Protein chains: 2
Amino acid sequence: MRIITISREYGSGGREIGQRLAERLGFEYFDWEIIVALATKSGLEADFIEETLSNIKLQTFPMDYHCSVGRNASLQSNQINLLLEQKKVIENIPILGKDCVIVGRNADVLLKKYKPFNIFVCGSMESRIKRCEARATKDEILTAKEWEKKIRSIDKNRAHVRELLSGSDWGNPKAYHLTINTSNWSIDSIVPSLMECANRYFNI
Amino acid sequence: MRIITISREYGSGGREIGQRLAERLGFEYFDWEIIVALATKSGLEADFIEETLSNIKLQTFPMDYHCSVGRNASLQSNQINLLLEQKKVIENIPILGKDCVIVGRNADVLLKKYKPFNIFVCGSMESRIKRCEARATKDEILTAKEWEKKIRSIDKNRAHVRELLSGSDWGNPKAYHLTINTSNWSIDSIVPSLMECANRYFNI
């Protein structure tokens, strides 16, 4: 069983790369599917789960203490429960025994024992803002500055969750097999390149 | 004309990757050749040039001022002259009009206008010490701790020279197209993978 994990900076095109890679390799694809599984298991709305998991902030103990009242306490407890549930869902993916691409959610750390091929996708802030603007829905009219703020906030969240799960830094190239910068290179070229890299890694 | 540049952490296997990539692609290879060209131009010994260029330390102005006496002054002036000469040698490589792989020496920054394909090669400290031990000559009997010290010192030097030449950080994945971690992946698999990446980048 071959597992490819894709971690990525927000707006870097990592999800698109993952989807196209899975399609071309004929692998299963896991991304939103994980959230849907969580929704089915928990009875919560998928959007609520995604939103909750996207807003995790690490807090020191004294801060936790002060925040552990009312809404904050239940939010934190929701987040921790959902993170644990998500962890279980991801750890169960290999039971299916299928080759797959998993985007985000620290699958590289959680499935380490299966020796996945781990890719990190990054890009310049400028190119990421451009990509966000291009794919924005009608409800997402943000200025470049607002996009940058959103990108930084989501990246920070991803780094926080990784910190919770693993000692290694999010985005540190030594934590992945390969780090790809999508700023000056088209995704059309990157996808077949990564396909070849994955095939070579798995000795195909 | 296609130019591939390989920047690398000491002991990561970057030089071997560069050599094999050039061989398989039928590209010219530049590494020690640059030092030889510098030696011919300057009349200095190649080993002396390599040694001098490997020991560049950034100093702030007050420190420069205090150091600018005696041996330190001439060493620094040697270093600056050699760096400038090396810069010229690298900037002249494209005049040959040949596809090439250039290892180290900030060719990615110096030849930016030729849109080279820029690779950074890294690895865990453990795997780099192992590689250094395996390729050490009889005169290089170092303990693991001594290797680590040497590795950190050479990497620091490389980071310093890059800082002199460019605003971007040495080893920052956003400064390269692709960053490859050689720790858990054989160079035999990495070389054909990178070949495909380069071919795709150059639209072959």
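Leaving aside neighbours within four places in sequence, with which residues is A:K87 in contact? Contact here means heavy atoms within 4.5 Å. By this criterion, and with those neighbours set aside, A:K87 is in contact with A:L110 and A:L165. The structure is a predicted model, in which local features need pLDDT of at least 70, side-chain atom pairs count only at pLDDT 80 or more, and totals for chains, interfaces and linings use all residues. Residues are numbered from 1 along each chain as its sequence is written, chains are lettered from A and ligands numbered from 1 in the order in which they are written, and side-chain values use heavy atoms, with hydrogens and water left out.

The overall organisation of chain A is described next. Chain A has 9 helices and 5 strands, where helices (H or I, at least four residues) and strands (E, at least two) are DSSP runs numbered from the N terminus. Along the sequence these elements follow the pattern β-α-β-α-α-α-α-β-α-β-α-α-β-α. Of the 204 residues of chain A, 49% count as buried; buried means under 20% relative accessible area, exposed over 50%, and partly exposed in between (1.4 Å probe, protein chains only). Among contacts in chain A between residues at least 6 apart in sequence, 72% join residues at least 24 apart.

In soluble globular proteins, nonpolar side chains tend to be buried together. A nonpolar core is a set of buried Ala, Val, Leu, Ile, Met, Phe, Trp, Tyr and Cys residues joined through side-chain atoms within 4.5 Å. The largest such core contains 50 residues, and those with the most contacts inside it are A:I4, A:F117, B:I4 and B:F117. Apart from its neighbours within four places in sequence, A:F117 is in contact with residues of its own chain, including A:I3, A:I4, A:H177, A:L178 and A:Y201, and also with B:W185.

Within chain A, the axes of helix α7 (residues 125-135) and helix α8 (residues 144-165) come within 10 Å and cross at roughly 105 degrees. Axes are lines fitted to C-alpha atoms, for helices over the stretch in contact, and angles run from 0 to 180 degrees between N-to-C directions. The two helices are therefore roughly perpendicular to each other; angles under 35 degrees count as roughly parallel, over 145 as roughly antiparallel, 65 to 115 as roughly perpendicular and the rest as oblique. On the α7(A) side, the residues that meet α8(A) are A:M125, A:R128, A:I129, A:C132 and A:E133. Their partners in α8(A) are A:A144, A:W147, A:E148, A:I151, A:R152 and A:D155. The residues of this contact divide into 6 nonpolar, no polar and 5 charged, with Ala, Val, Leu, Ile, Met, Phe, Trp, Tyr, Cys and Pro counted as nonpolar, Asp, Glu, Lys and Arg as charged, and the others, Gly among them, as polar. The buried residues of α7(A) are A:M125, A:S127, A:R128, A:I129 and A:C132, and their cover includes α8 of chain A.

Helix α5 of chain A contains A:K87, which is partly exposed at a relative accessible area of 28%. A:N92 is also placed in helix α5 (residues 70-92) of chain A and is partly exposed at 40% relative accessibility. The C-alpha atoms of A:N92 and A:L111, 19 residues apart along the chain, are separated by 9.4 Å.

Most residues other than glycine have a negative phi, and most peptide bonds are trans. In chain B, B:N106 has a positive phi, near 55 degrees, and lies in the loop between β3 (100-103) and α6 (107-110). B:N106 counts as buried at 9% relative accessibility. Phi of B:K115 is likewise positive, near 50 degrees. B:K115 is found in the loop between α6 and β4 (117-122) of chain B and is exposed, with a relative accessible area of 60%.
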